Amino acid sequence: MVPVKPSEITSEEVYINRKQFMKLGALALGATILAGCTPGGETKTSVPTVAEATEQITQQNGQTDELGAPFTSFKNVTNYNNYYEFTTTKELVASLSKDFKTDPWSVEVGGLVNKPKTFGIEDILKKYPGEERIYRLRCVEGWSMVIPWLGFPLGKLLADVEPTSDAKFVRFKTLLDPEQMPGQNDAWFEWPYTEGLRLDEAMHDLTILSTGLYGKELLPQNGAPLRLVVPWKYGFKSIKAIVRIDLVREMPTSLWMAASPNEYGFYSNVNPTVDHQRWSQATERRIGELDRQKTLMFNGYEDEVAHLYDGMDLKVNF
Ligand SMILES: Nc1nc2c(c(=O)[nH]1)N[C@H]1C(S)=C(S)[C@@H](COP(=O)(O)O)O[C@H]1N2
Ligand SMILES: [Mo]
């Protein structure tokens, strides 16, 4: 990964990828889009008008990830979201979360550590300057984005609280506030949203706490003011609006493991050879594009992270 300085990003720059420009023609001829549609999966996407498709493409800024894939437009990154605390309708998260209060905000870091600490969000921003990380985000539902995050390695913050030798896992929790987050009245899920990583996964340099994207502060829909990003795992591991981080001895149970243990394992590494019980994970649709593409092992970060799972059966530890 070669991080790009925020100052080098010019999201206003107009860029029309030739291949996509040709596809606009196909759209104009009335071609249809086949979106994955699964219960609890990706919502059906209607065919965009030519004007909408043109807008999507011109909002991309010509920059790409290290594999040559263009950034997903700011508009799509901030208007197509999963955030069950607000709604399960991706297109409505932005409007329903717009007044979510992120200031004041504090994050308690504790459990099996020598130096537990409660951080104000302003302490975090000051102590851990953001760096640019361009990562692919692959949702378990079969869609993906390329997002220029701002953030810092989680490992830096964890080192500062000094995990004890008993600490084996890290557990994260989202704010519990049903008044602001009406989705938390849905008794189907065990709120607050909870996620976990093994300590070595949490300490890996690719694992970041994000405070922004596209060179700007995070918006509520993307998990403001602080969210996790673990690019080689399915998107649901990247928990939003974090208020607690605990170092623990036992493997934490995530919200998704509790909701459907046969479908969502603890590891949830992106793996095209291990299908979801209800759909294939072999391919994905990049938001803003029409065709599906092959899903890469560990979401394309195999060289960096495969060693973490040496000797493990990834079909069992899914
Ligand atoms: N607290 C919380 N975090 C969450 C979710 C959620 O519903 N609640 N959804 C997850 C899922 S399924 C995905 S794909 C990503 C989406 O992040 P984005 O909306 O910023 O693209 O957030 C993850 N983090
Ligand atoms: Mo997701």
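**Entry 1, the whole chain.** I began with burial: of the 318 residues of the protein chain, 54% count as buried. Buried means under 20% relative accessible area, exposed means over 50%, and partly exposed lies in between (1.4 Å probe, protein chains only). I noted that this is a predicted model, where local features need pLDDT of at least 70, side-chain atom pairs count only at pLDDT 80 or more, and totals for chains, interfaces and linings use all residues. Residues are numbered from 1 along each chain as its sequence is written, chains are lettered from A and ligands numbered from 1 in the order in which they are written, and side-chain values use heavy atoms, with hydrogens and water left out.

Next I looked up the secondary structure. The protein chain has 9 helices and 12 strands. Helices (H or I, at least four residues) and strands (E, at least two) are DSSP runs, numbered from the N terminus. I then took the surface: the protein chain exposes about 14,400 Å², and carbon and sulfur atoms supply 54% of it. Accessible areas come from the Shrake-Rupley method with a 1.4 Å probe; for residues, only the protein chains shown count as cover. I also checked contacts (heavy atoms within 4.5 Å). Among those between residues at least 6 apart in sequence, 70% join residues at least 24 apart.

**Entry 2, the sheet.** In what order do the 5 strands of the open sheet stand? I read the order as S2-S1-S10-S5-S6, with mixed pairing. Strands S2 (117-120) and S6 stand at the edges with a single partner strand each, so one side of each has no neighbour in the sheet. Neighbouring strands here are turned by 15 degrees against each other on average, direction ignored. Axes are lines fitted to C-alpha atoms, for helices over the stretch in contact, and angles run from 0 to 180 degrees between N-to-C directions.

I followed S1 (residues 106-111) in both directions. S1 pairs with S2 in the antiparallel sense over 4 bridges. Two strands pair if DSSP finds at least two bridges between them. Val 109 stands opposite Lys 117 in S2, and Ser 106 has Gly 120 of S2 as its bridge partner. S1 and S2 form a hairpin, with 5 residues between them. With S10, S1 pairs in the parallel sense, again over 4 bridges. There I found Gly 111 opposite Leu 247.

Which helix packs on this sheet? I found helix H6 (residues 154-161), which touches S1, S2, strand S5 (169-174), S6 and strand S10 (242-248). The direction of H6 makes about 135 degrees with that of S2.

Is Arg 198 buried or exposed? Arg 198 is buried, because its relative accessible area is 14%. The side chain of Arg 198 makes a polar contact of 2.8 Å with the side chain of Asp 200. A polar contact is a pair of N or O atoms within 3.5 Å; within protein, one must be able to donate a hydrogen and the other to accept it, and residues adjacent in sequence count only if both atoms are side-chain atoms. The Arg 198 side chain also reaches the backbone oxygen of Leu 308 at 2.7 Å. Leaving aside neighbours within four places in sequence, I listed contacts of Arg 198 that include Lys 168, Phe 266 and Met 312.

I found His 204 in the loop between helix H7 (199-203) and strand S7 (208-213). His 204 counts as buried, because its relative accessibility is 13%. A polar side-chain atom of His 204 lies 3.0 Å from the backbone nitrogen of Leu 206. Beyond four places in sequence, His 204 has contacts that include Trp 232, Glu 304 and Leu 308.

Which of the 17 residues around ligand 1 come nearest? I noted Asn 81, Tyr 84, Glu 85, Ser 238 and Lys 240. A residue is near a molecule or strand if one of its heavy atoms lies within 4 Å of it. A polar side-chain atom of Asn 81 lies 2.9 Å from an oxygen atom of ligand 1. A polar backbone atom of Tyr 84 is 2.7 Å from an oxygen atom of ligand 1. The protein covers 98% of the 530 Å² of accessible area that ligand 1 has on its own.
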